[in-house]
Amino acid sequence: MNFAFSVIAFLILATAAAAMCLRQLVHVALLLVVTWFAIAAFYLWAGAEFVAFAQILIYAGAISMVVLFAVLLTRQAPLSPSLTPAHPGRVVAALSLGGAVAGTMGYAILRTPLAPASAAGPVVSVRELGMELMGSPLAAVLIVGVILTAALIGAVVIAASPGTTKEEESS
Amino acid sequence: MLGSGILQGLAVTAKNFFGSFHDPARFVTTQYPEERTTLPEAYRNFPFLVAENAEDPLGTLRCVACQICEKECPPQCIYIEKSKDKKPDATGKLQLYPAVFDIDISTCMSCQICVEVCPFDAIKMDQVFETATNERFNALLLHKQNLAKPNQYFHRIHPSDAAEVDARLLAERKAAEEKARIAAAAKAAVPPKAPPSAVAPTTPSSPGPAPSTDPKGLPPSSPS
Amino acid sequence: MNAGPLDSAFLERAPVQLRDLLCGYVPEAVRPAAEALITMVAVLAVFGLLFAYLTLAERKILGRIQNRPGPNRTGPRGVLQPFADAIKMLTKEDIVPRAADRLLHFLAPVVLVAFSLVTFAVIPFGRQLVAIDLDAGVLYFFAAGASTELAIFMAGWASNNKYALLAAMRALAQLISYELPLLLAVVPVIMVAGTLSPQGIVLAQAGWNFGVLPHWNLFTPWGLAGFCIFLVAALAESNRSPFDLPEAESELIAGHLTEYSGFKYALFFMAEYFGMCALNSLGVTLFLGGWQAPCAFLSFIPSYAWFGLKLLSLLVVFIWIRATLPRLRMDQLMRLAWKFLVPLALLNLGVVAFWQLTAGWSAPLQLVRWAASLSFIIVPFVLLGRKLSAGLGPRVYRYAAS
């Protein structure tokens, strides 16, 4: 297998696993950012420039902010939650469910036929991407845009509406 | 319209920028130490001792070591030791002089109280401020040699003050000379009046002629 | 590409030929890496020196505007001041608070400078001087710029100082609010140029009317509006006055930089100046015609000289604005972004769509086209400005009876 691909894949998996193991939520968020950068590197390796930059712009530039604000503005659990589970049944349930998901995904991945190694991927320029988006999925793109705009306006309206929420919060 | 104020502000700053190259009103910095601003006459920093003569400053100090300034100085930065002998001052009168006169300028706060209380106009405020040294204690203790400066220097830095002091001292000297002249004239006029032998020796308590201002300060000799 | 006599002029070719000459000494296999390395070193050297002398220029220009000379003691007229500052920063003690997160505290300035420098890779400095001619170059620029915001958060969090954290959150809020007008102001340019590649956008602004009126985007109604919005948003994105609340000394000591000293502090400032230069370079590329000359007969001057001249004039405008305007409060800042710049930028999109659709109109109708576009930009600007500054009239001062 390609050396670059294996390095990127290892980086993605390692940072994701480390993110799941850490205690400090801010460290988790920052490690997730590294994971997203590694995914963008994967897209670059695969030749999808536009998707890679969009991935960085959206995930590392916007979603990371949302995660960090959410982490900082909400009350945190005590910093040292206990390592031993409350009930041994929980351990069994976790392992079995996790194993089932991993098994299904692994089976699906291994059963998918890979493209022959010699086939080069399509070189898609931004112009062609744009033409594709404005072709058959046009309605979906417009609806998504309308939904996002509505959400944005709704958020602004909620944030700007004056105070019954403030009195309830302070009690 | 929105933004017109910002544009006016930008115009003002641009005028300032271009004006600073040719218009002295828009470049008010004095590039010290190449250029210096003129100090106002009343500017004061540390004291100095006034000497009448520029050729012999240490010998013609007005200071008579009365130690009033040493006692009145709030941070007590003046140290005076009187001399053992007396020297004649500007009027010829014998006065003490300071053998040691030290001012610690690291302590002096330039309050001018020493100047205000000096009865002899001997200590006045100087205008030097470039007194920075590399040593911490010794170089900041000024001795008589550093502090003695001639009256011409006083005239140069505080012209109106110096003129007033000189006029006053001159007037005092003239008044003193006038008094001495009258006293001498009165004393010269007295002896012809006193009868040589008519006065009995049993009138010792006769008030003598007008008291003379003989420099020796001795009372007039009683007729024996 | 504009081939012809301009491409082969000696000064024009000089940088690329120098690079090829140096790469000639290197074996064939390593040549691409050597080319990339030389490009990186050149960009770092040029922009490093530009950063150093930009700090000096800022201090001297600010000084002259404030009726004083600025630094003029180190070296003749102060030209050695940046090096004196560098030595000072390097010899200062590097203090890390005991309770701070050491790794993040160390990484924050590094990440910030790295992402600020990485944005220079797609900017066309000259006719043949682009480090990487990416198809999606503008998107790459904004992706790298968005990543710098993370570093500011890391700096505020790692300092373990509640004031630094608050300031970092405020800085972040400011940065993400102004990303929207920044991007929306750039979209019309991409619509008209038809490509996301910066070199392509510069080439789309080629040519002159009658040899003297360039086709730069600035000289179109939507371009003027877009450029003004871009300028304001760039001021806010690089934390420059009047949007420098995050690093204002009188507000939050130094904001997210409070716990940084010595070289790390210098790195933060370097990153701020690099970000400013990068955004200005992008502004020059998108709106001011990049490396194109303003008149046909001035094209003999090399393209990178024109680019440098335009970049320097934009930087001087930034410094000028800093000397003139007072700082905006946080809520005033946010109001400006969300309630003023975003609606105007969206209207600008409509104007540019109209402009593109009416490109084929004949001569007398062109006047109508210009008039309609200008009115669609100026009228909402005036109305929105009036509405938003409604209650904020000139202050009435009432003095005590004398």
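**Exercise 1. Describe the order of elements in chain A, starting from the N terminus.**

Step 1. Reading from the N terminus, the elements of chain A go α-α-α-α-α-α-α. Helices (H or I, at least four residues) and strands (E, at least two) are DSSP runs, numbered from the N terminus.

Step 2. Chain A therefore has seven helices and zero strands under these rules.

Before going on, a word about the model: it is predicted, so local features need pLDDT of at least 70 and side-chain atom pairs count only at pLDDT 80 or more, while totals for chains, interfaces and linings use all residues. Residues are numbered from 1 along each chain as its sequence is written, and chains are lettered from A and ligands numbered from 1 in the order in which they are written.

**Exercise 2. Find out which parts of chain A touch chain C.**

Step 1. Start with the contacts, where two residues count if their C-beta atoms, placed from the backbone, lie within 7 Å. Here 17 residues of chain A meet 18 residues of chain C.

Step 2. Now look for elements of chain A that give two or more residues to this side: they are α2 (25-45) and α3 (49-73). The largest share, twelve residues, belongs to α3(A).

Step 3. Sort this side of chain A by class: 13 residues are nonpolar, three polar and one charged. (Ala, Val, Leu, Ile, Met, Phe, Trp, Tyr, Cys and Pro are nonpolar; Asp, Glu, Lys and Arg are charged; the others, Gly among them, are polar.)

**Exercise 3. Decide whether C:Ala266 is buried, partly exposed or exposed.**

Step 1. Locate C:Ala266: it sits in helix α10 (residues 263-287) of chain C.

Step 2. Recall the cut-offs: buried means 20 or more other C-beta atoms within 10 Å of the residue's own, exposed means 12 or fewer, and partly exposed is in between, with C-beta atoms placed from the backbone.

Step 3. C:Ala266 counts as partly exposed because it has 19 C-beta neighbours inside 10 Å.

**Exercise 4. Work out the strand order of the open sheet in chain B.**

Step 1. The three strands of this sheet follow the order β6-β1-β8, with mixed pairing. Two strands pair if DSSP finds at least two bridges between them.

Step 2. Find the edges: β6 (123-125) and β8 (148-150) of chain B each pair on one side only.

Step 3. Check one pair: β1 (residues 47-51) of chain B and β8(B) run parallel and are joined by three bridges. For B:Val50, the bridge partner in β8(B) is B:Lys149.
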